[in-house]
Amino acid sequence: MNTWIAIGATALGCYAVKLAGLLVPAGLLERPLVRRYAALLPVALLAALTAQQTFADGHALVLDARAAGLAAAVVALILRAPFLLVVAAAVVVTAGVRALGG
Amino acid sequence: MWQTCALSLLVFTGASQFALVGALAAGGNPLTAAAGAFFLGVRNAFYGLRLSQSLALPRAVRPFAAQWVIDETAAVSLAQTGRRAARIGFGVTGLTLYVLWNLTTLLGALGAEAIGDTDAWGLDAAGPAVFLALLAPMLKTTAERAVAGLAVVLGLGLLPVLPAGVPVLMAALAAPVVLYLEGRRRAGRTAGRVDTGEEER
């Protein structure tokens, strides 16, 4: 039962914040400063998420095969590789490094 | 099993789901666990802020679209130019992810042990690689690069000391910090600290 309470609370809360973002009045968003913020916030969030998913293990920072995979993705991006190739490069290199015991 | 599936259907924001399950499995109080999961979901509000501009959805549609406002849909939609492409990106990403996420949740709940160790296949590197590929085109100006660099530093630096989900929110502070420094620079010469070169991490 407790689990259902937690699920319900999480579902409501997460839905509410998703909706809140969408419901901000359009007039407010016309203001240049607000536009600038709204454009830069996803950049900050995505950058932080990318870094965390690469270097985080719970609360600890680690340097493991994922970092090699990300480096491969960076190289692929610099070479202007198509999107799927970028992701594939990261996956293959990560698996390869792990297979070699990294 | 029903609880796992309900979580995917109703919450549909991966990080929050993992946090909730993790906290409950560790024997945490349900409301504390829900609060942690909630913090991880707060960033979706920021995505919504940006998406409501680029998608310009009718008011009546918004409550339905809201459930799909997540990292992946935001990243794909914002990478498009033009409203039509953004809407298509949002719709296609939202639908595919929602269907696949819930199907795979069901499969996982039915018996995941059969699959073995997904990490061995390097699949955990796909997530950050996708985010990186979507982020790269957004890093057009120095301001955006500075925001990304500072966000990486904040996100990683605060990770060991703050509860899960909070470091990413703190990393969002990179945006106001950089805008403030940019404003000062424009007002006159200033010795603002601007991080660059970290965005590829």
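A crossing of two helices is called left-handed if the near helix is turned anticlockwise from the far one by less than a right angle, and right-handed if it is turned clockwise. The legends below describe a predicted model, in which local features need pLDDT of at least 70 and side-chain atom pairs count only at pLDDT 80 or more, while totals for chains, interfaces and linings use all residues. Residues are numbered from 1 along each chain as its sequence is written, and chains are lettered from A, with ligands numbered from 1, in the order in which they are written.

**View 1. Helices H4(B) and H6(B) cross in a left-handed manner.** Helices are DSSP runs of H or I with at least four residues, numbered from the N terminus. H4(B) covers residues 43-55, and helix H6 of chain B covers residues 71-78. The two pack at an angle of about 40°, their axes lying 10 Å apart; here axes are lines fitted to C-alpha atoms over the stretch in contact, and angles run from 0 to 180 degrees between N-to-C directions. From H4(B), Tyr47(B), Arg50(B), Leu51(B), Ser54(B) and Leu55(B) meet Ala74(B), Ser77(B) and Leu78(B) of H6(B), where two residues are in contact if their C-beta atoms, placed from the backbone, lie within 7 Å.

**View 2. Chain B touches chain A.** In this interface 76 residues of chain B are in contact with 59 residues of chain A. On the chain B side, H4(B) supplies the largest share, 11 residues. That side divides into 55 nonpolar, 12 polar and nine charged residues, with Ala, Val, Leu, Ile, Met, Phe, Trp, Tyr, Cys and Pro counted as nonpolar, Asp, Glu, Lys and Arg as charged, and the others, Gly among them, as polar.

**View 3. Ala44(A) sits in helix H3 of chain A.** This helix spans residues 32-55. Ala44(A) counts as buried because it has 31 C-beta neighbours inside 10 Å, the cut-off for buried being 20 or more other C-beta atoms within 10 Å of its own, with C-beta atoms placed from the backbone. Leaving aside neighbours within four places in sequence, Ala44(A) is in contact with residues of chain B, including Val147(B), Ala148(B) and Ala151(B).

**View 4. Residues 190-201 of chain B have pLDDT under 50.** The pLDDT is the predictor's confidence in each residue, from 0 to 100. For this stretch the model has 30 contacts beyond four places in sequence. Where pLDDT is low, the predicted coordinates should not be read in detail. Chain B averages a pLDDT of 80, and 83% of its residues score at least 70.

Definitions and conventions. A residue is buried if 20 or more other C-beta atoms lie within 10 Å of its own, exposed if 12 or fewer, and partly exposed in between; C-beta atoms are placed from the backbone.
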